[in-house]
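I opened the notebook to look up charged pairs. The entries below follow the order in which I went through them.

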Amino acid sequence: MTPFIMVIFGATGDLAQNKLIPSLFALFKENLLPEDFFIIGFSRRTLAHHEFHKHFESETAHDPLSRKASEGQRKWNDFIKHLLYQSGSFEEKKGYLELNNQLLEIDKKMGACVTRFFYLATPPDHYETILDNLVGTKLSEGCGHETNSWTRLII
């Protein structure tokens, strides 16, 4: 499976907490995600990576289908190694530029341009602002190439 980076705009909201992260965790538990993947939450709240992890822990770490509760916790601990966070306002370029630095660091670590998915888990009234900033900061181009062949948008 091909490595990927998924950036979730609105990552501390209800959609991410109740649907996206639990669904991605379910895929992870079934070994349906590649070995190398990164999920970066982007939201207005100022959180450290570990605080972002705790935001989802009560909803997703408990695995009722697990034979042992510790197995579910172990899987969760493995999953959150792939979960990062970037604080930023949808309206200000600063957060997008910091996000770009994170993405470039991942590309450097992986030794290649990693496919990027930008998931807009926000109300529709934020779409235009986010899209304008993705274009304005060239995040939509992926890896600094003048092409969007490495990026996808999910709404």
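I count a salt bridge when a side-chain nitrogen of Lys or Arg is within 4 Å of a carboxyl oxygen of Asp or Glu. This is a predicted model, so I note that local features need pLDDT of at least 70 and side-chain atom pairs count only at pLDDT 80 or more, while totals for chains, interfaces and linings use all residues. Residues are numbered from 1 along each chain as its sequence is written, and side-chain values use heavy atoms, with hydrogens and water left out.

Entry: total. I find 5 salt bridges in the structure.

Entry: the network. Which residues are linked in a network of salt bridges? I list Arg74, Asp78 and Lys81. Between Arg74 and Asp78 the closest N and O atoms are 3.7 Å apart; between Lys81 and Asp78 they are 3.5 Å apart. I place Arg74 and Asp78 in helix 3 (residues 69-79), 4 residues apart, about one turn of the helix. Helices here are DSSP runs (H or I, at least four residues), numbered from the N terminus.

Entry: accessibility. I use buried for under 20% relative accessible area, exposed for over 50%, and partly exposed for values in between (1.4 Å probe, protein chains only). Arg74 is partly exposed at 45%, as is Asp78 at 25%. Lys81 is exposed at 64%.

Entry: another pair. I looked up Asp107 and Arg116, which form a salt bridge with the closest N and O atoms 2.3 Å apart. Are these two buried or exposed? Asp107 is buried at 8%, and Arg116 is buried at 1%.

Notes. Helices (H or I, at least four residues) and strands (E, at least two) are DSSP runs, numbered from the N terminus.
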